[in-house]
Amino acid sequence: MGFYLLDHPNLNAPVRDNGLRGWYYPTRRVCRHGIAGPHLAVVHVTTQLPDYNPPDTGAENVANYAATTTRPVSWHDTIDSDSHIEMLPDDFTGFHVHGYNRCAVGVEISTDYLEWAAAPDWWTNQTLTLLRNPGLRWVALGIPPVRLTKTEADAGRFGFIDHSRLDPDRRRDPGPDFPWTRFLTSLEDPMLTPVQEEFIVELYERVTTGGGNARSLPYVLDAYRALAGRVGVSGADPTTVAANIALTADINTSDGVNDQIGQAINDAAAAKALAERALQTLAKMKAVL
């Protein structure tokens, strides 16, 4: 599976230079600030009520909308609490932010801009975990995890920015309570937290048994790279990583006499259990990947 809008050409849109119909350009020109590639990562929300009853179908519905709408809109990634759908390559120009499309990549989160404060913790945790995927990709492109003002964006600065800051007269997203500090801080450390690791394994178990969106599967590689970093196995394949977590858990359980040994034993046991589940999940994923 590739990019959603390339796999599902929009029959309501013009034929582009890549031979497909779509509301996008399959190239990226120098932007209004004289920069050849994207220097802004724009965070949007879809302004629809989120789906708090798993499985979350928000991202799937939004992706389908982008592939069928008569409106000239598109973006690069779509996120909900259990799916990440890549819509367009980053070197394509999406139509998602008035006046800045050449300058920007964009992600749509399936929620309303006023919902962040009321959202359940589990939903926010899972959504931000998946939002790290495009975020880390854009950091790797040279877009630093800093939140910009419109003045800074117009000066050609590189960074992340609210849709509302670039189009203040018309837009309000991602909303006043979007957890910017938490999101950007998570991009400074590529490692997942134990809670995030747990969610990733659960997500892929669901996906491989038909309970989730298979387009999220490629991100297992990023998840396992984070697990590798946690146990110092840089670049290891998922099987090696999971095995080393289990080994580390065994060592930690029998090692160390200190005030925190009880917590260490609990953490090690949890890591070992997660590693064993990851190994089982990996076997399922290999059949799909």
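**Labels and their cut-offs**

Trainee: Which residues does Phe-178 touch, leaving out residues up to four places away in sequence?
Mentor: With contact defined as heavy atoms within 4.5 Å, Phe-178 touches Val-43, Ile-109, Trp-116, Leu-128, Leu-131 and Phe-183. This is a predicted model, in which local features need pLDDT of at least 70 and side-chain atom pairs count only at pLDDT 80 or more, while totals for chains, interfaces and linings use all residues. Residues are numbered from 1 along each chain as its sequence is written, and side-chain values use heavy atoms, with hydrogens and water left out.

Trainee: Why is Phe-160 called buried?
Mentor: Buried means under 20% relative accessible area, exposed means over 50%, and partly exposed is in between, with a 1.4 Å probe and protein chains only. Phe-160 has a relative accessible area of 1% and is therefore buried, and Trp-138, at 1% as well, also counts as buried. Of the 289 residues of the protein chain, 48% count as buried.

Trainee: What makes a set of residues a nonpolar core, and which members of the largest one touch the most others?
Mentor: Such a core is a set of buried Ala, Val, Leu, Ile, Met, Phe, Trp, Tyr and Cys residues joined through side-chain atoms within 4.5 Å. The largest one has 23 residues, and Leu-131, Phe-160, Phe-178 and Phe-183 touch the most other members. At least two of its residues come from each of strands E2 (40-45) and E6 (104-109) and helices H3 (121-140), H6 (180-186) and H7 (194-208), with H3 giving the most, five residues. Helices (H or I, at least four residues) and strands (E, at least two) are DSSP runs numbered from the N terminus. A second, separate core has 14 residues, among them Tyr-4, Ala-59, Ala-63 and Leu-88.

Trainee: How do you know that Ala-63 is buried, and what does Ala-63 touch beyond four places in sequence?
Mentor: Its relative accessible area is 0%, so Ala-63 is buried. Ala-63 is found in helix H2 (residues 58-68) and touches Tyr-4, Ile-85 and Met-87, residues up to four places away not being counted.

Trainee: Why is the pair of Trp-138 and Phe-160 called tilted?
Mentor: A search of the whole structure finds ten aromatic pairs. In this one, the ring centres are 6.4 Å apart and the planes are at 50 degrees, so the pair is tilted. The rule is that rings of Phe, Tyr and Trp (its six-membered ring) pair if their centres lie within 6.5 Å, and that planes under 30 degrees apart count as stacked, over 60 as edge-to-face and the rest as tilted. Because Trp-138 lies in helix H3 and Phe-160 in strand E7 (residues 159-162), the pair ties together parts that are 22 residues apart in sequence. Trp-180 and Phe-183 form another tilted pair, with 6.3 Å from centre to centre and 55 degrees between the planes; both lie in helix H6, three residues apart.

Trainee: What makes Arg-32 count as sitting over the ring of Tyr-100?
Mentor: A charge sits over a ring if NZ of Lys or CZ of Arg is within 6 Å of the ring centre and within 35 degrees of the ring normal. The charged end of Arg-32 sits over the Tyr-100 ring, 4.4 Å from its centre.

Trainee: Where does H3 bend?
Mentor: At Asn-133, by about 30 degrees, with Pro-134 following within four residues. The bend at a residue is the angle between axes fitted to the seven residues ending there and the seven starting there.
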